[in-house]
Protein chains: 2
Amino acid sequence: MALQRLTLVINGVERAVVADPAQDTLADVIRRIGLTGTKIGCGTGQCGACSVILDGKVVRSCVRKIGSIAEHSDIITIEGIGTPQNLHPIQQAWITYGGVQCGFCSPGFIVSVYGLLKENPSPTREEVRDWFTKHRNACRCTGWKPLVDATLQAAAVLRGEKTMADITYKVPADGNTFGTPVPRPAALAKVTGLCDFGRDVGEKMPPGTLHLAIVQPGVNHAKIKSIDFSEAEKMLGVVKVITAKDVKGTNRIMFPVGHPRAKTDGFEHPIIADEKLFRYGDIVAVVAARTEREARAAAKAVKVELEPLPYYMTVPEALTPGAMEIHPGRPNEYLRMPLVKGEDTRDVLSKSEYVVEGSFFSGSQPHLVIEPDTVQAYVDEDGLVTVQSKTLALIMPLLTLPPGLGIEGDKLRMVENPTGASFGSSVGPATCAIAAACTIATGQPVTLTMNYEESTWWLGKRAESYSNARLGCDKDGKITGFEYELAFNKGAYSEMADLLTATGIRFPGFGYNIPNVRAFSSISYTNETYGTAYRAYGCVQGYTMSESLVDMLAAKAGIDPFEFRYKNAALPGETNINSVPYKVYPHQRLLDTLRPHYEAAKARAEAGRKEGRLTGVGITISGYNVTGGPDTIAAVALELNADGTVTHFNTWEDQGQGGDVGTLMFTHEALKPLGLTLDQIHLVQNDTKTCPHTGPAGANQQQYMAGMATINAAGQLLDAMRKDDGSYRTYEEMVAGEIPTKYVGVHDTTPMTTALDPNTGAGDPTPQYNYMAFLAEVEVDPETYKTKVNSMKMSYDIGRVMNPISVEGQAYGSLTHSIGFALNEEYTDDKDHGSLIKCGFLFANDVTDDLELFDVSKEREVAPFGSIGCCEGFQSSGHVAITNAIFNATGVRIYDMPASPEKIKAGAEALKAGKELKPDPYFLGQDLHGFLDEVAANPINTDDFTA
Amino acid sequence: MALQRLTLVINGVERAVVADPAQDTLADVIRRIGLTGTKIGCGTGQCGACSVILDGKVVRSCVRKIGSIAEHSDIITIEGIGTPQNLHPIQQAWITYGGVQCGFCSPGFIVSVYGLLKENPSPTREEVRDWFTKHRNACRCTGWKPLVDATLQAAAVLRGEKTMADITYKVPADGNTFGTPVPRPAALAKVTGLCDFGRDVGEKMPPGTLHLAIVQPGVNHAKIKSIDFSEAEKMLGVVKVITAKDVKGTNRIMFPVGHPRAKTDGFEHPIIADEKLFRYGDIVAVVAARTEREARAAAKAVKVELEPLPYYMTVPEALTPGAMEIHPGRPNEYLRMPLVKGEDTRDVLSKSEYVVEGSFFSGSQPHLVIEPDTVQAYVDEDGLVTVQSKTLALIMPLLTLPPGLGIEGDKLRMVENPTGASFGSSVGPATCAIAAACTIATGQPVTLTMNYEESTWWLGKRAESYSNARLGCDKDGKITGFEYELAFNKGAYSEMADLLTATGIRFPGFGYNIPNVRAFSSISYTNETYGTAYRAYGCVQGYTMSESLVDMLAAKAGIDPFEFRYKNAALPGETNINSVPYKVYPHQRLLDTLRPHYEAAKARAEAGRKEGRLTGVGITISGYNVTGGPDTIAAVALELNADGTVTHFNTWEDQGQGGDVGTLMFTHEALKPLGLTLDQIHLVQNDTKTCPHTGPAGANQQQYMAGMATINAAGQLLDAMRKDDGSYRTYEEMVAGEIPTKYVGVHDTTPMTTALDPNTGAGDPTPQYNYMAFLAEVEVDPETYKTKVNSMKMSYDIGRVMNPISVEGQAYGSLTHSIGFALNEEYTDDKDHGSLIKCGFLFANDVTDDLELFDVSKEREVAPFGSIGCCEGFQSSGHVAITNAIFNATGVRIYDMPASPEKIKAGAEALKAGKELKPDPYFLGQDLHGFLDEVAANPINTDDFTA
């Protein structure tokens with residue numbers, strides 16, 4: 001290894017570094033001298049997380065080979081811009097105006113804005129977005145708008161027009177913080193580059209920690225004949241090559257598919273592939289070496305002999321009669337849930353005035369977070385196998401991994417690292433399982449940080465969906481009946497399949513009053529990467545079908561789609577498709593809020609079309625549950641400290657949504673009688689060793705569940721502290737009185753929820769829903785057929801808003817994800833689809849700055865201070881508003897998401913030729929009515945059924 | 001390895017760290033997360049370089065096991081106090097008021113002062129020193145006084161009594177910086193913790209760099225029978241165990257003893273011990289492993305079989321007839337230089353009115369720098385074996401190592417790391433040789449940071465000296481004759497023995513007019529650690545003898561010692577003992593300056609003694625050379641850059657004395673016609689690949705040599721730039737005119753120096769000297785006989801002062817080292833003497849705050865802008881002023897340095913019993929006159945002699 005000595009001026013002082021010119025990038029070197037605020041996201045210059053100022057210019061340091069950096073170059077990193085003790089206005093603005101969600105991209109953005117404002121102290125919004133686009137500053141959380149807002153606020157301070165105090169949050173004079181934009185406690189470290197994300201944690205572990213590199217053959221389906229690592233094991237720095245044989249337990253992730261109709265146990269997922277590769281991203285071996293580079297070099301030298309097998313990437317292929325079982329002994333379609341409401345839809349629809357039908361496909365949306373997957377594992381001082389990961393569900397590995405790893409159930413400890421977002425991709429335990437297996441196999445601490453491609457191939461995606469459906473209405477436009485088949489392509493592994501399948505018989509048609517429904521939702525193994533959680537898990541696919549059909553039916557009935565929805569929006573007393581009442585009925589109110597905007601947009605679209613432009617407007621309504629299924633339990637703990645402060649313990653995982661500030665604000669509100677200031681509340685979070693299980697940060701759950709549990713804990717603590725005269729005991733008095741100072745608060749939804757009936761789909765599994773209406777304006781380029789979303793507007797009812805900046809951040813981000821999903825984000829399992837750009841990531845100028853939110857929330861009765869979760873609903877059906885707008889603009893109905901220019905062009909050209917391109921119904925196994933007849937004939941005894 | 005996860009609040013933000021509770025200290029963890037401003041010096045809580053604020057208290061983080069740190073502890077490190085963009089007043093004061101010399105201790109001090117001023121915003125000088133003492137903040141450079149000054153200045157700013165501008169250097173309005181306290185360019189990085197010293201460099205090298213640990217058996221003299229590393233080589237992480245067999249060349253440091261009277265070639269020093277161990281600190285093997293801990297663990301498992309040999313720790317033992325040759329084939333006394341001036345002293349002294357005689361010993365002074373030895377080596381991108389070390393003599397390894405390493409002479413490249421001081425201990429190439437051999441043997445980059453004990457055992461020390469001498473004067477007190485035998489205990493290796501021996505016949509009696517001298521200086525191998533450079537190399541030992549004798553003679557003659565010196569101080573035309581004129585004659589002026597202070601001190605001492613206290617005053621005069629020997633050459637280069645700035649290239653090694661600011665100031669002055677601002681001068685220093693050889697930063701050399709070479713280079717550049725009209729060409733005009741823009745300036749002392757005659761010692765090897773007079777006041781405790789130095793005053797003539805803060809810093813530091821040497825610093829080769837404290841390090845309250853300087857310098861004619869070097873002379877004879885003061889206080893003459901309480905007590909008790917404890921003459925081989933007769937009979941033909 002020939003090294004190079006280089007003297008650089010970094011953050012104002014000369015630093016002499018010793019680098020490896022053959023391998024080191026500028027980012028590597030900067031990070032190695034301790035400046036780990038410069039983050040490595042994509043590693044290929046696509047994301048800008050590694051931005052630094054090099055001789056006055058913003059550059060992406062991850063693609064600057066150190067050999068290309070001139071001696072004595074001047075470099076500014078995030079650490080040179082400001083510190084917690086002396087924030088730069090950009091950093092303060094980022095904190096105050098919602099610049100920080102996960103915060104992984106924040107240092108790169110702040111550095112980039114620093115460069116921008118040096119060149120242009122008074123940029124316009126457009127110039128800011130142009131700069132972000134030019135410098136490839138990628139953010140997946142915020143929807144960009146808050147970043148533009150923050151930039152302009154900082155610029156105003158730098159120009160002397162505002163003060164730092166002006167852009168800094170102040171607690172209201174009355175001390176009431178609930179409903180105000182309290183900044184996130186974690187933001188300070190994130191904007192100053194001092195937050196250690198997983199890669200940073202791994203690089204800062206004690207010397208001797210082994211670095212892991214994965215062997216990912218990149219084959220869709222194959223039998224593993226042999227793995228030869230004899231050469232790899234001899235390579236420099238290699239300590240061990242770990243294969244399935246080294247996994248001490250069953251080598252299976254024991255994640256049950258917990259439904260009486262399931263035809264799989266769900267235990268098909270190997271920790272490390274043993275007999276077969278089931279999908280492109282599967283891992284057959286892991287090299288543990290002294291350095292990441294050594295591990296990667298050796299991973300390339302592992303030889304895997306494979307016998308290719310036929311593979312099925314789609315549900316129709318996997319369900320073709322005679323198709324081989326991907327997991328032998330488990331049928332490819334392994335779960336199907338029936339839905340029956342009202343009268344037989346065959347009769348209803350045959351009698352309806354208007355009926356539309358269609359078959360829909362939605363693609364495999366990649367999460368495209370900026371931080372790739374990363375995990376560390378070690379045995380802790382108490383002998384617990386400890387895994388630090390990005391997980392959003394700390395409890396899940398505890399429940400599913402011990403037998404596979406061959407350890408006792410209580411010997412696993414999970415910790416969430418500061419996480420560069422996941423939007424659901426970190427729900428599963430597979431990454432944790434790999435790391436845990438490797439630390440057990442080597443007896444050493446291990447760290448694994450995948451590169452962006454490996455991570456993209458490895459992690460699950462939003463499941464593809466296939467649906468065949470019909471919807472009818474009467475001559476007045478009142479919906480009469482709805483029938484559909486909705487099949488999820490769950491890919492190679494079944495993890496959380498029951499939950500996903502259930503969403504398929506809950507959300508299609510959500511928000512409307514539909515008296516008669518017949519449907520099934522099914523889920524199948526294929527050789528696609530496995531479907532996993534993604535914001536608005538499972539409902540996105542359903543709305544793809546139902547909100548398109550509603551639009552089609554309105555058109556057929558000759559009713560404005562807005563009015564059609566208004567007319568059919570559920571009213572008090574009406575029920576959802578699971579035959580239970582909607583808990584609240586805000587949909588007409590949501591539409592009323594959007595109505596003037598719709599009218600204006602419609603006028604603009606019509607005017608555009610009169611000019612020959614392809615302009616359109618689209619509308620949808622939808623909602624999503626709060627908590628995923630029935631019988632959900634969450635716990636938190638509150639402890640009074642000796643200094644009068646209070647510590648809150650929970651596992652409200654923070655994926656960027658603000659589990660920290662949520663905990664802080666709930667605690668502040670719940671303990672209001674104690675008069676604590678915000679800084680008198682300490683948070684201990686996301687470590688299963690020290691915190692009670694609060695449940696996963698998914699399904700909109702935590703705002704509601706952690707909030708309720710906090711109120712419960714606070715009530716216990718206040719009761720314990722309260723004296724007869726109504727004043728509160730001090731810590732000393734508590735101790736003197738031998739009164740406990742720590743209380744676990746619990747919330748359990750069991751009394752208020754019921755599981756879906758396995759024979760009818762009737763039931764009420766969640767205690768709350770949130771509700772949205774979306775309005776999209778688009779313009780399609782008549783030459784390229786590329787769609788531009790000109791604006792997205794959303795009205796919502798999410799109960800009372802606790803922290804507006806956090807809520808708005810979720811909303812803007814969700815709208816942006818919806819635009820991406822609608823237009824161009826799609827993952828397929830192949831070599832090409834490893835990068836942000838190849839997966840269709842949208843940069844600043846690819847999405848509109850005109851995102852408008854209308855909060856018409858009303859406080860809920862059974863909810864923590866009236867508030868419930870929001871984020872999942874925000875991404876529920878915005879994508880269909882866009883495809884509906886494309887239809888409005890072009891007359892082309894999008895049956896196949898994403899709505900690529902090619903598809904729109906083909907549709908438009910067919911229309912010109914007087915035809916409509918419409919897919920044939922998908923073959924999804926047994927047909928709907930045959931299935932329902934069989935269910936009716938052979939019902940499951942629900943007395944035995946509890947899940 | 002069981003790890004522990006810990007959440008700490010560090011510098012205002014929460015950081016979760018993963019630590020090894022069995023091994024990690026708080027310092028390890030802080031440093032591993034990138035906060036390497038927290039330095040590790042002693043590693044045992046003695047030095048405070050690792051100070052941090054833990055929950056509001058200043059603690060030494062290197063001795064706080066991480067397991068003892070409570071979860072959520074609040075920690076402030078140097079990085080949290082201020083940054084280059086936002087300095088804390090303490091940091092600014094440290095820069096401005098001389099707080100930074102080497103700067104290694106600066107972060108720890110600044111953190112400590114931060115803690116102090118939080119508790120006590122208005123401390124007195126005493127309270128500051130008490131705080132430093134209590135918190136064990138150790139500084140070896142500054143003599144503490146500037147640190148107290150800086151603390152009080154910062155406190156004034158924090159109290160609002162001064163502004164930051166008040167304590168910040170400003171370039172004078174006329175732009176003339178010469179003579180003003182320009183801050184050191186390197187100080188900014190050092191006070192903010194951003195300067196990477198060697199350990200930091202090693203820890204930040206590319207992954208795959210091997211960590212070295214040494215095997216140091218700790219035996220004084222032994223034959224190596226076998227080295228068994230079979231077990232060690234199998235240990236976790238071990239890559240290779242390197243022994244002498246792996247060294248590709250001769251395995252000898254080829255450092256010639258270049259004198260015609262030498263009886264050794266000087267090539268006895270193995271790179272890694274092969275046949276024998278010659279001293280306690282010798283290294284027999286080096287373990288290269290993946291981590292330092294693994295290397296250290298394996299080093300303990302290397303089994304070395306030794307055959308103990310007789311060993312000689314003193315010169316008399318080594319020279320006892322029949323003693324074995326330590327290096328077979330080379331006599332133990334291997335160099336002896338004669339000195340003959342004037343008449344035969346046997347006659348002169350027999351006729352003199354007063355004659356005193358005495359035998360003196362001075363001990364092995366340890367350098368006690370705070371940073372232990374550290375080195376890195378790798379092959380660079382051009383195939384050069386590159387070594388980064390603390391060296392003060394970059395050229396030395398180039399000259400002495402290639403054959404031993406088995407590489408071509410031009411394949412070695414030396415770089416000086418930012419250096420936590422050495423005061424001479426880093427002059428030799430032994431550490432560099434080890435690292436180079438290991439990178440060659442392993443083919444990998446390597447880093448070695450010794451712990452404090454290893455480093456102490458490994459590095460050379462100031463050589464012990466033994467002397468027998470007589471000095472006489474006439475009845476008027478005019479010195480008549482001087483004869484002496486001065487033998488240096490050079491220990492195991494001969495490195496720079498010729499230079500050291502030469503000092504032995506140059507500095508005894510320096511400053512006086514002594515007409516007749518007979519002397520020899522000799523040097524011997526023993527099994528003591530080897531003698532190496534230390535500030536005032538070689539003269540300290542001579543003054544120990546001569547300035548004691550002068551005092552004794554004054555007493556015998558009944559003349560006040562001050563007046564005696566004044567009377568004998570050389571006057572224009574008079575010669576030094578080498579029979580050449582002193583170049584300037586400032587000694588009476590120096591004494592005149594001190595006279596009123598002497599009178600006052602004498603009165604205080606007498607008053608004290610009248611009260612029964614043991615108070616005394618002592619005086620000495622002395623001086624030291626500028627450049628070590630004759631025919632010295634230095635080169636620097638100046639280059640005009642495209643932007644009109646100038647870059648200066650040199651190897652003015654910065655050991656804390658300010659090679660950076662010296663270069664800057666000379667360049668600014670020499671290029672004054674160009675009107676450059678200070679920040680338009682760039683420095684590229686201390687890398688032999690890019691910089692011309694400027695010579696070692698020793699022997700007061702660089703101020704004079706680099707200064708002269710700079711003037712030479714600047715003259716060439718200005719000549720090249722100057723147009724006919726007297727204005728200067730721009731860079732563009734130079735390029736257009738095809739005029740070179742880079743010029744190498746050289747200074748060569750050959751024309752103005754002559755070597756000492758090998759038969760008489762006559763000669764003039766150096767172009768300049770500096771001159772000092774010292775005044776010490778002491779009080780000896782009548783119970784414990786512990787000596788307290790109450791004040792040290794020094795007047796000096798060092799030519800014109802270029803940078804007063806730097807000069808004063810050297811002066812204060814030197815006085816403190818002299819106090820240590822006089823009273824309690826002593827190294828012996830054994831297990832106990834590895835630490836600062838065991839070696840007698842003085843903390844803040846152990847030395848006086850009353851250090852007073854009197855600069856009576858006069859500009860020198862042949863010198864760069866009149867200035868010459870200063871630092872060595874500052875440490876020349878202050879220690880004898882102290883022992884003379886002890887005599888004044890107690891009547892006890894110190895013949896044996898250091899003057900420990902035990903020795904003073906023994907002397908005092910003997911006096912009470914009417915006796916004088918006086919050592920017998922040391923046996924130092926052939927006696928003086930026998931030797932001189934032999935020299936006279938067999939003179940060396942000086943026509944053949946050039947060095």
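**Surface patch, chain A.** I looked up a nonpolar surface patch of about 240 Å², made by Ile633(A), Val744(A) and Val746(A). Patch members have over 30% relative accessible area and no salt bridge, with nonpolar side chains (Val, Leu, Ile, Met, Phe, Trp, Tyr) joined within 5 Å and like charges within 9 Å. Areas come from the Shrake-Rupley method with a 1.4 Å probe, and for residues only the protein chains shown count as cover. Val746(A) sits in strand β27 (residues 742-748) of chain A; strands (E, at least two residues) and helices (H or I, at least four) are DSSP runs numbered from the N terminus. Val746(A) is partly exposed at 39% relative accessibility, where buried is under 20%, exposed over 50%, and partly exposed in between.

**Basis.** I note that the model is predicted: local features need pLDDT of at least 70 and side-chain atom pairs pLDDT 80 or more, while totals for chains, interfaces and linings use all residues. Residues are numbered from 1 along each chain as its sequence is written, chains are lettered from A and ligands numbered from 1 in the order written, and side-chain values use heavy atoms, without hydrogens or water.

**Salt bridges.** I took a salt bridge as a Lys or Arg side-chain nitrogen within 4 Å of an Asp or Glu carboxyl oxygen. The count over all chains is 100.

I checked Arg604(A) and Glu777(A), which pair at 2.8 Å, N to O. Arg604(A) is in helix α19 (residues 587-610) and Glu777(A) in strand β28 (residues 768-780), 173 residues apart. Arg604(A) is partly exposed at 44%, whereas Glu777(A) is buried at 10%.

Asp797(B) belongs to strand β29 and Arg589(B) to helix α19, so the pair ties together parts 208 residues apart in sequence. Asp797(B) is buried at 1%; Arg589(B) is partly exposed at 24%.

I also looked at Asp592(B) and Arg595(B), whose closest N and O atoms are 3.8 Å apart. The two are about one helical turn apart in α19 of chain B because 3 residues separate them.

**Helix α23, chain B.** I recorded 20 residues (804-823) and a span of 28 Å from first C-alpha to last, close to the expected 28 Å. The expected span is 1.5 Å times one less than the number of residues. Of the 20 residues, 18 are buried, so α23(B) is largely enclosed by the rest of the structure.

Notes: Buried < 20%, exposed > 50% of the residue type's maximum accessible area, 1.4 Å probe, protein only.
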